[in-house]
Amino acid sequence: MDETYNQIKTPSFAKWFNFHPKAKLNVMVKDFNMKDDKNLFKVLYNYRNNIINLRIDGNLKQLPECIGEFKQLRVLELDCLLTSLPNNIGQLSNLIKLDLQFNNLASLPESIGNLSNLQTLNLFNNSLTSLPNSIGNLTKLQTLVLGFNQLTSLPTSFSKLSSLKELELTFNE
């Protein structure tokens, strides 16, 4: 973890946040542009123990490694320009929904299989050519959306997805 996150003072708008230290936060960032606010995750990191839902729409190209420290996160929705995910995404043990539609992901890290509570995984409209074998470890997964990718096959571990109720695979190769 980059220690600079602990040393950064939050921008002046953060002083408006006045909530109980154990409060649970839902955060939505619309039309995010790295040029507009380079300190987004530096600010969010200060509230990592409070944020349970995080949605970012915009031009985020890389998810910082610190995301693995958002241990209370239950829903993560990123409609951005991501080309990859950090390996420590698998540390989000409370995550039940991961929505990564409309990104530029070509692959997923093996650590995705560590998301033991994940129920919904939306990967619609990316550039995925394959899925990691660890996806079979997602035994609580109920909904998997893979449409509009470049998949030609599914891993053998796919048969382990015993809770899967909805699978969407349209417009793949």
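Rings of Phe, Tyr and Trp (its six-membered ring) pair here if their centres lie within 6.5 Å; planes under 30 degrees apart count as stacked, over 60 as edge-to-face and the rest as tilted. Before going on, please note that this is a predicted model, where local features need pLDDT of at least 70, side-chain atom pairs count only at pLDDT 80 or more, and totals for chains, interfaces and linings use all residues. Residues are numbered from 1 along each chain as its sequence is written, and side-chain values use heavy atoms, with hydrogens and water left out.

By the pairing rule, there are four aromatic pairs. The pair of F41 and F70 is edge-to-face because the ring centres are 6.5 Å apart and the planes stand at 75°. This pair links distant parts of the chain, 29 residues apart: F41 belongs to helix α2 (residues 40-45), while F70 is in the loop between β2 (51-58) and β3 (75-79). Helices (H or I, at least four residues) and strands (E, at least two) are DSSP runs, numbered from the N terminus. Both F41 and F70 are buried, meaning under 20% relative accessible area with a 1.4 Å probe, protein chains only.

Now look at L121, in strand β5 (residues 120-122). L121 is buried, as its relative accessible area is 0%. Beyond its neighbours within four places in sequence, L121 is in contact (heavy atoms within 4.5 Å) with L98, I135, L138, L141, T143, L144 and V145.

Note on methods. Buried means under 20% relative accessible area, exposed over 50%, partly exposed in between (1.4 Å probe, protein chains only).
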